[in-house]
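Please look over the briefing below alongside the sequence and the coordinates.

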Amino acid sequence: MSDLSLARAALDVTPPPDLGAQVEALSSRGMVAIRGDLADAGFAAALKAATGCDVPGVRRSTEAGECRVLWMSTDEVMIFCEWSAAPGVVASFMEKAGDAHVLALDVSDARAVFRVSGEKAWRVLAKGAPVDLERFGVGEVRRTRIATVATGIVRTGDDSFEVFCFRSFAAYMWDWLCVGAGAESLSDL
Amino acid sequence: MLLIQCPACGVEAEETEFAPGGEAHILRPEPGCSDADFAMYLFERKNPRAVHYERWRHAFGCGKWFHMARHTHTLEIFGVYAADAPEPPQEIKDRIAERTAS
Ligand SMILES: [Zn+2]
């Protein structure tokens, strides 16, 4: 089964010194993917019961306690929670959803999550993502790419972002973010 | 570089977030059709130097397919519309008529 060391193995590297942007791997993050009719009242009730969160609007996220729900697509949301809580979230959602046509799956091991924070955090991401990050609000979600890797970005605070990608790209993404947060990338021209 | 607005998630993004899916509105011939008709369906494409109706996918974004009307020479995008639309909406046809009238 899942082993947190898997997530850390490739990332056992010292992050660069803090020059205005810090990078860290969030290896205890649990993730649950849910597909269904986001406009359905039963879906909203099951999501509320499992996470305490409301259904997020298009490209937004909602938060309650340890959980954050991210809008992924017109028929998909992703739940961020504690790694150990993910199986319980799935069970509670599916029980509440009853016979509704939905699918919930613990995908904690499928993706890696990183936090990029600091006043220059947005500049790290702007190096690789075709997104206007200065006009990217807190709580907003953007599925895009960083370099050539399919990536999700959520702005969790004024100076804080979480970046997630498939775990097979975790080592590459870690290296990329560390270079992006390094002196050569962040020096003012 | 094209700037494309995805009709599914509403985001306007550059073309590197999208994957082209070729000519749109190609009808599969009925069962029992001739080999020539089926070969046409499989292989023959218009490839015009003009307005082109295309399928695209927001591959690095929300993952959804959609349709786009685009001029292959000027690269002007006349509009995007739902993946399940059997033909372009009148609004987009009108815009094309207006923009391509000389
Ligand atoms: Zn989209």
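The model is predicted, and every value below was computed from it. The contact draws 13 residues from chain B and 17 residues from chain A, and a zinc ion is held by protein donors from chain B.

**Interface between chain B and chain A**

- The area buried between chain B and chain A comes to about 1100 Å², and carbon and sulfur atoms account for 49% of it.
- On the side of chain B, the residues that lose the most area to chain A are B:E17, B:F60 and B:K64, which together make up 42% of what that side buries.
- Across this interface the rule finds 9 residue pairs in polar contact, counting pairs in which both residues have pLDDT 80 or more.
- Sorted by class, the side of chain B that touches chain A consists of 6 nonpolar, 3 polar and 4 charged residues.

**Salt bridges**

- Over all chains, a search of the whole structure finds 17 salt bridges, and 3 salt bridges are found across the interface of chain B and chain A.
- B:K64 pairs with A:D75 in a salt bridge whose closest N and O atoms are 3.1 Å apart, and B:K64 is also among the residues of chain B that lose the most area to chain A.
- In this pair, B:K64 belongs to the loop between strand 4 and strand 5 of chain B, while A:D75 belongs to the loop between strand 4 (67-73) and strand 5 (76-82) of chain A.

**Zinc site**

- The arrangement is tetrahedral because the 4 donor atoms around the zinc ion subtend angles of 101 to 115 degrees.
- For comparison, the ideal angle for four tetrahedral donors is 109.5 degrees.
- Along the sequence, the donor residues follow the spacing C-x2-C-x48-H-x3-C.
- B:C9, in the loop between strand 1 (3-5) and strand 2 (12-14) of chain B, and B:H58, in the loop between strand 4 (51-57) and strand 5 (65-71) of chain B, are 49 residues apart and link distant parts of the chain.

**Backbone torsions**

- Most residues other than glycine have a negative phi.
- A:R59, which is not a glycine, has a positive phi near 55 degrees, and A:R59 lies in the loop between helix 2 (41-51) and strand 3 (61-64) of chain A.
- B:N47, likewise not a glycine, has a positive phi of about 50 degrees, and B:N47 lies in the loop between helix 1 (35-43) and strand 4 of chain B.

Note on methods: Residues are numbered from 1 along each chain as its sequence is written. Chains are lettered from A and ligands numbered from 1 in the order in which they are written. This is a predicted model: local features need pLDDT of at least 70, side-chain atom pairs count only at pLDDT 80 or more; totals for chains, interfaces and linings use all residues. Side-chain values use heavy atoms; hydrogens and water are left out. Contact means heavy atoms within 4.5 Å. Buried area is the accessible area (1.4 Å probe) that two parts lose on being put together, summed over both. A salt bridge is a side-chain nitrogen of Lys or Arg within 4 Å of a carboxyl oxygen of Asp or Glu. A polar contact is a pair of N or O atoms within 3.5 Å; within protein, one must be able to donate a hydrogen and the other to accept it, and residues adjacent in sequence count only if both atoms are side-chain atoms. Ala, Val, Leu, Ile, Met, Phe, Trp, Tyr, Cys and Pro count as nonpolar, Asp, Glu, Lys and Arg as charged, and the others, Gly among them, as polar. Donors are N, O and S atoms within 2.8 Å of the metal (3.2 Å for Na, K and Ca); water is not among the atoms, so sites may look incomplete. Four donors count as tetrahedral if all angles lie between 85 and 135 degrees; four count as square planar and six as octahedral if opposite donors are over 155 degrees apart and all others between 65 and 115; anything else is irregular. Helices (H or I, at least four residues) and strands (E, at least two) are DSSP runs, numbered from the N terminus.
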